[in-house]
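Please walk me through this structure in plain paragraphs. Give the cut-offs behind each term as it comes up.

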Amino acid sequence: MTSLTLLIPVAIGLGVLGLGAFMWSIRSGQYDDVEGAASRILHDEDKPIT
Amino acid sequence: MSCCTSHGIAELATDQVAVPKRALIEELKANARGLADGSVNYLLSVPVIHCGNCIATIESTLSKHPGVKAVRANLSLRQVSVTLDGQDNSIAPVLDALDAAGFPAQPASATAEEGKDPEFRALVRALAVAGFASANIMLLSVAVWNGAEGATKDLFHLISALIAIPAVAFAGMPFFRSAIAALSRRRMNMDVPISLGVTLATFMSMYEIFIGGGHAYFDAAVSLLFFLLIGRTLDHMMRTKARAAAGRLARLSAKGGFVLGENGETVYTPLEALRPGMVLRVSAGERFPVDGTVLDGVSDVDRALVTGESDPQRVVLGTGVEAGTLNLTGAVDIRATRAARDSFLAEVTRMMSAAEQGRGSYTRIADRMAKIYSPAVHLLALTSFIGWMIWTGGDWHTSLTVAVAVLIITCPCALGLAVPVAHVVSAGRLFDAGILMKDGSALERLESMTDAVFDKTGTLTTGEPVLRETAIPQGELASIARAMAQRSVHPASRALVKSLVTSQAVTLTDVHEVPGQGVEAIVNGKRARLGRLEWVSEITKGDTAGQGNSAFGVEGKGLYLSVFSEQLRSGARQMLADLKQRGIHATVLSGDSEANVSSLAKNLGLEDYQAGLKPGDKLTFLQDAAGHGQRTLMVGDGLNDAPALAAAHVSMAPSTASDVGRNAADFVFTRESLDAVSFAYGVAQRTGKIVRQNFALAVLYNVFAVPLAMSGQLNPLIAAIAMSTSSIIVVANSLRLQLLRPEKREDTVQTAPQGRMLPA
């Protein structure tokens with residue numbers, strides 16, 4: 001029971017952190033071009049691999 | 001250059017004469033943003049972007065361009081943000097570079113912000129909070145369902161309460177606001193029972209905890225919000241996607257004009273600053289920004305988009321021109337007679353707003369259901385309360401619990417999810433078929449239509465004339481005629497270029513377009529003319545061959561005539577036959593002459609038509625139809641159709657329509673063929689069927705669940721399972737719309753018909 005008093009706040013705290021991170025990502029415009037972000041991964045940078 | 005194979009929507013009709021470069025550049029300069037370090041940022045709309053390769057190409061091409069500080073392409077919005085360093089860098093070479101790479105660009109419309117959609121962000125935030133809360137509360141609830149007792153149960157309930165209360169307050173805002181707005185207008189919509197159910201569930205659960213023990217329904221309340229927010233966010237995404245796509249289509253109206261200064265130089269002036277009495281120069285290929293009278297110059301003006309007339313009108317000194325009409329052949333100077341906001345265009349816009357308001361609000365099917373649903377649910381809850389009061393002899397607590405249980409279990413999440421999901425799926429199908437749907441209610445309205453009204457020029461016809469017959473012999477003469485026609489913007493010339501064949505190379509010198517008459521050139525030392533009959537016959541001698549009033553001839557030789565006529569849009573006949581089969585009556589309303597309209601109507605087999613109509617007349621026709629209880633679909637493209645498009649029960653416009661027309665219509669179809677109308681109608685009917693099925697499922701679910709609640713058997717576990725299952729079933733049913741594969745729309749490619757040629 002005492003372990004719960006520690007674990008539950010920790011769990012919720014981590015959840016809130018996750019939620020905060022999600023909110024930040026919306027505000028910083030990461031969801032403005034979802035399709036573009038998806039295809040940027042596949043772009044070739046023209047830098048030769050030495 | 002090659003990009004991936006294009007199967008995206010062809011959003012720029014290739015024959016369309018869009019706003020010319022210099023006006024675009026002026027507009028870009030006006031909307032540019034200066035940044036802190038002195039660089040200037042431009043936002044361009046590039047409709048042909050359709051894949052990841054496109055944005056890679058654009059970014060790599062432009063980043064190497066001199067003067068470009070930063071470039072970022074947005075695939076979802078089809079926009080490119082370019083930052084140039086310093087004030088003296090012009091955006092023009094950037095536009096040319098984009099053009100050369102295959103990406104024609106135009107200024108992003110003022111309404112299309114760089115992806116900052118505040119409503120969307122608010123919805124996603126609420127969704128995130130509801131999701132977080134429901135997941136965590138569910139974790140705690142699982143323990144309680146599995147038999148946690150005593151102190152553990154109380155602790156978990158307490159923590160659930162702490163999570164739930166702020167979550168409901170934040171995530172419930174969209175619903176509470178909507179419910180309050182509806183109630184203050186004495187109307188009922190779906191959000192009223194939702195808000196009521198959620199708040200009651202939360203408060204009752206808090207009360208239960210307070211008195212110790214009992215059931216807590218926090219998970220039900222928060223999960224309900226979560227499901228409904230999913231539906232709402234999807235709905236919003238669908239609407240913005242379609243609206244953004246419609247807004248990206250090539251703009252046809254000028255945002256300003258070139259004012260003639262004293263020493264003959266022209267100054268670009270935005271529309272709002274143009275005043276009556278100003279002298280403006282409008283070049284060939286530009287649209288008149290305001291109403292005016294011609295001071296100098298001769299030209300032909302295409303009035304199709306404004307009045308529906310298919311034949312260009314010749315303008316000379318003193319002729320009046322209207323804002324929005326296209327100057328075809330020669331530069332003219334006009335004196336503005338009315339300011340932009342008093343012009344014909346503005347008048348039409350005002351008619352439109354008035355029509356929209358007078359249309360009367362359409363109650364969406366979900367809200368109509370709410371009118372029956374909410375009173376029924378509240379009645380049931382009341383009955384249970386009274387029943388239990390009597391049964392238990394005045395036990396407030398139990399009776400209240402049962403009443404709230406009834407409210408919770410009749411979860412409208414099925415209803416709140418069913419309609420948005422069905423509409424989103426259908427909107428996706430339509431989008432893939434090149435049809436943009438602005439609003440879910442448009443689909444409902446399309447399903448219920450009884451009559452259809454079509455505009456002629458530009459809607460039933462392509463708006464481009466086509467060569468029917470020509471006497472110009474094949475060989476040298478046809479090659480000469482075609483070479484001359486290529487230098488002209490006149491629609492008849494474009495038709496000649498498509499139909500005639502260049503069989504030998506010809507050298508023309510001194511080619512010039514004589515506005516109002518035609519094209520003249522010197523070939524093999526002799527003059528050749530292509531254009532109006534009287535003008536060409538001035539230089540010809542000998543026989544006249546063929547019929548028509550468009551002529552071609554070489555000095556001293558014979559005269560050859562050609563006949564042009566309007567071309568029906570592909571799919572027109574098929575679509576009209578289809579509508580007839582489904583019992584929808586079709587009428588043609590046009591601003592064009594009686595002769596042109598009646599021949600077209602006869603051609604298509606339509607009995608009902610009206611010609612020579614002004615925009616106000618079309619509006620009156622529709623209002624009369626509405627008065628008779630008809631629900632009319634209006635399909636039109638021009639400025640003169642805009643009020644009718646706004647007033648009709650439901651409306652569609654082709655992507656070649658005027659800006660105003662496109663904004664007014666509920667649907668915009670981007671492909672050439674008119675079968676968009678019957679296809680959209682088919683989709684609307686199927687969607688309506690699925691939505692009704694979903695309602696039936698929701699009612700069925702309630703039939704099982706309500707007795708359970710009324711008998712006092714409800715506990716949070718059952719509530720959670722029941723809610724989730726009903727939502728899943730309803731969403732799965734809506735997704736069936738994806739599976740039902742209706743007739744696949746063919747990509748009709750328009751082929752230029754060959755003119756009949758007499759032997760040389």
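Gly556(B) takes a positive phi near 85° in the hairpin of β22(B) and β23(B), which has four residues between the strands. Helices (H or I, at least four residues) and strands (E, at least two) are DSSP runs, numbered from the N terminus. This is a predicted model: local features need pLDDT of at least 70, side-chain atom pairs count only at pLDDT 80 or more, and totals for chains, interfaces and linings use all residues. Residues are numbered from 1 along each chain as its sequence is written, chains are lettered from A and ligands numbered from 1 in the order in which they are written, and side-chain values use heavy atoms, with hydrogens and water left out.

Four bridges join β22(B) to strand β23 (residues 559-568) of chain B, and the two run antiparallel. Two strands pair if DSSP finds at least two bridges between them. Across this pairing, Phe552(B) stands opposite Tyr560(B) in β23(B). Strand β20 (residues 526-532) of chain B is also joined to β22(B), by five bridges, again antiparallel. There, Arg529(B) has Gly553(B) as its bridge partner in β22(B). Strands of a sheet pair through backbone hydrogen bonds, either parallel or antiparallel.

Strand β22 (residues 550-554) of chain B has five of its five residues buried, so it is largely enclosed by the rest of the structure. Buried means under 20% relative accessible area, exposed over 50%, and partly exposed in between (1.4 Å probe, protein chains only). Both faces are covered: Ser550(B), Phe552(B) and Val554(B) are buried on one side, Ala551(B) and Gly553(B) on the other.

Arg529(B) also forms a salt bridge with Glu538(B), with the closest N and O atoms 3.0 Å apart. A salt bridge is a side-chain nitrogen of Lys or Arg within 4 Å of a carboxyl oxygen of Asp or Glu. Arg529(B) counts as buried at 7% relative accessibility. Glu538(B) counts as exposed at 57%.

By this rule there are 16 salt bridges over all chains. One of them joins the side chains of Asp191(B) and Arg232(B) (2.7 Å, N to O). Asp191(B) lies in helix α7 (residues 191-211) of chain B and Arg232(B) in helix α8 (residues 218-248) of chain B, so the pair ties together parts that are 41 residues apart in sequence. Asp191(B) is buried, with a relative accessible area of 4%. Arg232(B) counts as partly exposed at 28% relative accessibility.

Another salt bridge links Asp641(B) and Lys618(B), whose closest N and O atoms are 2.5 Å apart. This pair links distant parts of the chain: Asp641(B) is in the loop between β26 (632-635) and α22 (642-647) of chain B, and Lys618(B) is in helix α21 (residues 615-627) of chain B, 23 residues apart. Both residues, Asp641(B) and Lys618(B), are buried. Together with Asp455(B), they are linked in a network of salt bridges.

Now step back to the whole chain. Chain B has 25 helices and 29 strands. Its C-alpha atoms fill a box of roughly 115 × 65 × 50 Å, taken along the principal axes. Of its 760 residues, 54% count as buried.

Chain B also has an open sheet of three strands, in the order β11-β10-β13, with antiparallel pairing. Its edge strands are β11 (313-315) and β13 (326-327) of chain B, and each pairs on one side only.

Which residues does chain B bring to chain A? The contact takes 23 residues from chain B and 20 residues from chain A. Contact means heavy atoms within 4.5 Å. Between them, the chains bury about 1,900 Å², 66% of it on carbon and sulfur atoms. Buried area is the accessible area (1.4 Å probe) that two parts lose on being put together, summed over both. One salt bridge is counted between chain B and chain A. Arg40(A) forms a salt bridge with Glu59(B), with the closest N and O atoms 2.8 Å apart. The elements that give two or more residues to the side of chain B that touches chain A are α2 (52-63), β3 (68-74), α4 (118-145) and α5 (150-171) of chain B. Among these, α4(B) gives the most, with seven residues.
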